[in-house]
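Work through each task before you read its solution.

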Amino acid sequence: MIDLYEYKQGLQEDGIIFSFSGPMSHEIIEGIGSAIRVKIGKGEDGDKSAALKVFSIFVEQVENVINYSVEKDHEDSQLSFGIVVIGKKDGHFFISGGNKIYTDKIAKLEANLSKLAKMNKDELKVYYKERRRAEKDDDSKGAGIGFIEMAKRSTKPIEYSFKNIDAQYSFFTIKISI
Amino acid sequence: MENLHIEATKSSPQINFNAQTNIQSISGESYPENTTSFYENVFKWLEEYMNIVKEQEIIFNLELIYFNSSSSKVLMDLFDMLEEFSEDGKNITVNWIYDEDNDASLEYGEEFAEDIESLTFNLIQK
């Protein structure tokens, strides 16, 4: 790829402001996160509140990739691979994140996410508070409330998909709109 | 007892806990790489401090610009702990300080306030 212009134009046409595919780390959150906050929050048409909302979803999505992606460069690798895309379409920001998961985890994830997608703001708030005080799930590596946090901040119901790769693996994508 | 001071980093807040003035502050951003290990010393210090402090007024000033969901859980644990000490007779006030143009911070402060019963919890616009 010696000429990235068309690739870049393609992203631009889809309203994409930022796109990262590769190994994720805490430093990525800190570094790219600050750039996003500057890009959205500062300047003439800067919106500080939107910048923080987009940033907060970005943090939760990258943390999910770090904690749950099953794609690593070798067995004991600290680096998890995934993709995060931030864009703006029809006046709304969207943040999409994706990573490889085990196909047998889909049922549980799907049950959890479809429940969140059906909840209204008040229900999400009650559920968030309940889970925040609860003992965390065995499968959770963080506080276990990242998805609820995202759903709570989203202006539309959360959107997600699972794409089958092979018998063992699938690709999971989640999209949040603000 | 010794005071606890932790410098802020890009993803972790400044901690200033003072056993002489009884004013404890947490300020900045909170999305550390390992939330549990970052807050371990904070909780350890507070447990010791609450054992020696008597009827003096204790003030917690929390001024967080952003915190992730893991930190939100830790903050809830912190308020639950302070509420228990408050029920045991400690004189504790929590000030949740937020910036005017940070509506998420106000919203999250209000939600913590709703979950707290006996602890004095003030929402203060900066």
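Two residues are in contact if their C-beta atoms, placed from the backbone, lie within 7 Å. This is a predicted model, in which local features need pLDDT of at least 70 and side-chain atom pairs count only at pLDDT 80 or more, while totals for chains, interfaces and linings use all residues. Residues are numbered from 1 along each chain as its sequence is written, and chains are lettered from A and ligands numbered from 1 in the order in which they are written.

**Exercise 1. Describe chain A.**

Task: State which share of the contacts in chain A with a separation of 6 or more joins residues 24 or more positions apart, and how many helices and strands chain A has.

Solution. Step one: residues 24 or more positions apart make up 62% of those contacts in chain A.
Step two: count helices (H or I, at least four residues) and strands (E, at least two), which are DSSP runs numbered from the N terminus. Chain A has six helices and five strands, in the order α-β-α-α-β-β-α-α-α-β-β.
Step three: compare the radius of gyration, taken over C-alpha atoms, with the globule rule of 2.2 Å times the number of residues to the power 0.38. For 178 residues a compact globule would have a value near 16 Å, and chain A has 17 Å, which agrees.

**Exercise 2. Describe chain B in the same way.**

Task: Find the order of elements in chain B and the share of its residues that is buried.

Solution. Step one: chain B holds three helices and six strands, running β-β-β-α-β-α-β-α-β from the N terminus.
Step two: a residue is buried if 20 or more other C-beta atoms lie within 10 Å of its own, exposed if 12 or fewer, and partly exposed in between, with C-beta atoms placed from the backbone. Of the 126 residues in chain B, 33% are buried.
Step three: the C-alpha trace of chain B spans about 35 × 30 × 25 Å along its principal axes.

**Exercise 3. Follow the strands of chain B.**

Task: Work out in which sense β3(B) and β4(B) pair, and which hand the crossover between them has.

Solution. Step one: two strands pair if DSSP finds at least two bridges between them. β3(B) (residues 23-30) and β4(B) (residues 57-67) are parallel, with eight bridges; G28(B) has L64(B) as its bridge partner in β4(B).
Step two: a crossover is right-handed if, with the strands pointing away from the viewer, the path from the first strand over the helix to the second runs clockwise. The chain goes from β3(B) through α1(B) (residues 35-52) to β4(B), and this β-α-β crossover is right-handed.
Step three: β4(B) also pairs in the parallel sense with β5(B) (residues 91-98), over six bridges. Together with α2(B), these two strands form a right-handed β-α-β unit.

**Exercise 4. Check a helix.**

Step three: buried residues of α2(B) include L75(B), L78(B), F79(B) and L82(B).
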